[in-house]
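Please open the structure in your viewer and keep the selection tool at hand. The stops below are meant to be taken in order.

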Amino acid sequence: MPIVAQSTETTDWVSRFADEVIEESERRAPGKPVVVASGLSPSGPIHLGNLREVMTPHLVADEIRRRGHQVRHLISWDDYDRYRKVPAGVPGVDETWAEHIGKPLTSVPAPKGSPHPNWAEHFKAAMTESLAELGVEFDGISQTAQYTSGVYREQILHAMKHRGDIDAILAQYRTKKAPAKKQQQKPVDEAELEAAEGSGAAAEDDGSSGSAGYFPYKPYCGNCEKDLTTVTSYDDDSTELTYSCTACGFSETVRLNEFNRGKLVWKVDWPMRWAYEGVIFEPSGVDHSSPGSSFQVGGQIVGIFDGKQPIGPMYAFVGISGMAKMSSSKGGVPTPADALKIMEPQLLRWLYARRRPNQSFKVAFDQEIQRLYDEWDRLEAKVADGSALPADVAAHSRAVGTASGELPRTPRPLPYRTLASVADITAGHEDQALRILSDLDPANPLTSLDEARPRYDKAEAWINTHVPADQRTIVRDEPDTELLKSLDEQARESLRLLLDGLADNWSLDGLTHLVYGVPKVQAGFSADATPKELPPEIKTAQRSFFALLYQLLVSRDTGPRLPTLLLAVGQERVRHLLGA
């Protein structure tokens, strides 16, 4: 069932951009579908910074759909880009891939063992799968297919004819480039994941400049397939183009009106596509604000193609936390697929929807993910009871589904931190996990783990891949007799009070009340006394009591929340370990 459109009075950033884009589309192309665009280069793993390049227009496009307008979200796969370097940490890839540097990404072999036909398709496949899980609808455009089939032939000939105008625009910025600052490399868990500005983000030249002058077109060599070529002559009337390759020495003369083995350089290619596709909205990274950046220069070059620059909000970097344990040693960066292994798509969508494009945020792979899930669950409760703020309601609506309907969700969304603790303690034993989770709410017990899925599976994956071995929970097999013998009478009494109340309080809420209540009762207060009614030393007593229980149960000072841990261990074993 489609989700009801939000009121235009909603103050979230998505609605504001949707208003602007609809108005601009009616002005430029009345009666036609609204066109928004993203660009992704499958030159390696497509990371969570790149995902903002997709999610920003997706959310705007989806809001436009909710209002009843036709809209196309184009994703241009920049798979005809040159292969620039061998990325670190890609399984099945070694130093021999360096021989392919300079070729189109679709002409580079896929990593060893990949079922895909080439490098670009290998990395596109992973992203496409993640976008499907996230509910992102799009029209994919392969730039290899566009260029090699001659789709852009007229645009290429037009750019070559107006190469002097293009060169003049680029010349305005060539002398303004500041010297590159040497940056110290950060660990992956501290780094910000910048979405590259399309194919040209990394040290691309402005075109083929040789003794024959400037040309905004790069042929791929007919012998070695690399783009290390220079145009040495070109005739506008006949379109005869001669180039030579500095990599292998090959040269040839071709007719550009029949030749499909080359592409416009990035700073010309991008604005050409804006005009060709009629793009109204396309975001770009913060690096585009610098003089001579692709977006700024493209705003002038697009006029040569009789087009207009799209509405283009700049978006901030996406940070990550807690990924170093898994990826930094490999030189990798986290991808949407990595995130979707440990979090439901609704949570990942929410992270991108709730922040304005110019606000940075972090995707958590460490303990912070538990706090994020707590925050998400509180939002769900507020939305359900009508107490959430309008902008939060809008962000929630965009997270849980699209104009086409809601995303699949966990039937019984139990707290993520509880599920993680249970997965940690049971170490893959599903029958034990179901037993514990059924005891959380005896009045409404879980009858199957499927009711807690996929959230349970995500929490289990997080425990198994992101929690170091020395932080995993291992319940003792036998009592710590030395510690038990050393306890004073007050400590022994606290254990007796706990054990006496186990049977009557065997639920998550009951055990929470019990473990917090024991130090209160020992101090002469009611177990129901609130923090305001208690002296500060009660908190100290509670911490000491909790540390004792952790030592007796898991031989550490801390661990999973005690009520969850007690449920996981089971009444009989708890009594055994506490010396009953």
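What follows is a tour that goes from the whole chain to single places in it.

This is a predicted model, in which local features need pLDDT of at least 70 and side-chain atom pairs count only at pLDDT 80 or more, while totals for chains, interfaces and linings use all residues. Residues are numbered from 1 along each chain as its sequence is written, and side-chain values use heavy atoms, with hydrogens and water left out.

**The whole chain**

Begin with the chain in cartoon view, where there are 21 helices and 17 strands; these are DSSP runs numbered from the N terminus, helices being H or I with at least four residues and strands E with at least two. Of the 580 residues, 52% count as buried, a word that here means under 20% relative accessible area, with exposed meaning over 50% and partly exposed in between (1.4 Å probe, protein chains only). Among contacts between residues at least 6 apart in sequence, 72% join residues at least 24 apart, where contact means heavy atoms within 4.5 Å.

**A residue in helix 3**

Next select Thr128, which has its place in helix 3 (residues 119-133). Is Thr128 buried, exposed or partly exposed? Thr128 counts as partly exposed because its relative accessible area is 34%. Leaving aside neighbours within four places in sequence, Thr128 is in contact with Trp77 and Phe138.

**The largest cavity**

Grid points are joined across faces, edges and corners, and a volume is the space filled by probe spheres set on the points.

By this rule there are five cavities of 30 Å³ or more, and the largest cavity has a volume of about 90 Å³. Select Ala37, Ser76, Trp270, Arg273 and Glu282, which are the closest to its centre of the 13 residues that line it. Strand 1 (34-40), strand 2 (71-77) and helix 7 (266-277) each supply at least two residues of this lining, and helix 7 gives the most, with five residues.

**The second largest cavity**

Now select Glu344, Gln346, Trp376, Glu380, Arg409, Thr410, Pro413 and Arg455, which line the second largest cavity, whose volume is about 70 Å³.

**The second largest pocket**

Move on to Trp350, Arg354, Ala391, Asp392 and Ala395, which lie nearest the centre of the second largest pocket among its 20 lining residues. About 370 Å³ of space lies in this pocket. Helix 1 (13-28), helix 10 (345-353), helix 11 (368-385) and helix 12 (390-400) each supply at least two residues of the lining, and the largest share, four residues, comes from helix 11.

Finish with helix 13 (residues 416-426) and helix 20 (residues 562-569), whose axes come within 10 Å and cross at roughly 40°; axes are lines fitted to C-alpha atoms, for helices over the stretch in contact, and angles run from 0 to 180 degrees between N-to-C directions. To see the contact, select Thr418, Ser421, Val422 and Ile425 of helix 13 together with Thr564, Leu565 and Ala568 of helix 20.

Conventions. 1 Å grid on protein atoms, 1.4 Å probe; cavity = no way out; pocket = protein on both sides within 12 Å on 5 of 7 lines; lining within 4 Å.
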